[in-house]
Amino acid sequence: MAPTEVYNSLPTLTTSTFIKQTEVDEIIKNQKCLYVIKGRTYTAPIGFTAKNDLQNAANGIDEWVQLDGGNAYVLTNYKWVTVADDGSTQLHVDFDTVKCDD
């Protein structure tokens, strides 16, 4: 899955607000949002397709954002890691949890 596909698809799969990395500094500076947790990593359960992997990652992001007390996230990195000899991959996502004014 191409990076553009990931960045266009993930926000549609989460209930938490997606904040672009290019926008987060300005949002924080203007005190509209604040970081709750930086550097969170989540390993999504393996899905049947890349889209399923992405949905599983979205579910995990939403759970962590809620547990952290936030309502938004900034995707900082992602990668599919080969986990078996048959070529099976697992999606790892790195993100920051953010709390924004409603």
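The model is predicted. The protein chain has three helices and four strands, and from the N terminus on they come in the order α-β-α-β-α-β-β. The radius of gyration is 14 Å against the 13 Å that the globule rule gives for 102 residues, so the chain is as compact as a globular protein of that length.

**Overall build**

- Along its principal axes, the C-alpha trace of the protein chain spans about 50 × 25 × 20 Å.
- Buried residues account for 37% of the 102 residues in the chain.
- The chain exposes about 6000 Å², and carbon and sulfur atoms supply 49% of that.
- Take the contacts between residues at least 6 apart in sequence: 68% of them join residues at least 24 apart.

**The sheet**

- The four strands make an open sheet, ordered β1-β3-β4-β2, with mixed pairing.
- At the edges sit β1 (17-18) and β2 (33-43), each of which pairs on one side only.
- β1 runs parallel to β3, and two bridges link the two strands. Phe-18 has Tyr-73 in β3 as its bridge partner.
- β3 and β4 pair in the antiparallel sense, this time over 10 bridges. In this part of the sheet, Tyr-78 stands opposite Val-93 in β4.
- The hairpin of β3 and β4 has six residues between the strands, and Gly-87 in that hairpin takes a positive phi near 90°.
- β4 (residues 89-100) also pairs with β2, in the antiparallel sense and over eight bridges. Here Thr-43 stands opposite His-92 in β4.

**Helices on the sheet**

- Helix α1 (residues 3-13) packs on the sheet and touches β1 and β3 (72-82). The direction of α1 makes about 130° with that of β3.
- Helix α3 (residues 50-68) packs on the sheet as well, touching β2, β3 and β4. Its direction makes about 35° with that of β4.

**The disulfide**

- The structure holds one disulfide, and it joins Cys-33 to Cys-100 with an S to S distance of 2.0 Å.
- The link of Cys-33 and Cys-100 is right-handed, with 105° about the S-S bond.
- Cys-33 lies in strand β2 and Cys-100 in strand β4, so the pair ties together parts that are 67 residues apart in sequence.
- Cys-33 counts as buried because its relative accessible area of 9% falls under the 20% cut-off.
- Cys-100 is buried too, at 13% relative accessibility.

**Asp-62, a buried aspartate**

- Asp-62 is found in helix α3, the helix that touches β2, β3 and β4.
- With a relative accessible area of 13%, Asp-62 is buried.
- Setting aside neighbours within four places in sequence, Asp-62 is in contact with Leu-13, Thr-14, Thr-15 and Ser-16.
- Thr-17 is 45 residues from Asp-62 in sequence, yet C-alpha to C-alpha the two are 9.3 Å apart in space.

Conventions: Residues numbered from 1 in each chain as written. Predicted model: local features only at pLDDT ≥ 70, side-chain atom pairs only at ≥ 80, totals over all residues. Heavy atoms only, no water. Pairing = 2+ DSSP bridges. Contact = heavy atoms within 4.5 Å. Axes fitted to C-alpha atoms, helices over the stretch in contact; angles between N-to-C directions. Rg over C-alpha atoms; globule rule 2.2 N^0.38 Å. Buried < 20%, exposed > 50% of the residue type's maximum accessible area, 1.4 Å probe, protein only. Areas by Shrake-Rupley, 256 points an atom, 1.4 Å probe, with all protein chains shown as cover. Disulfide = S-S within 2.5 Å.
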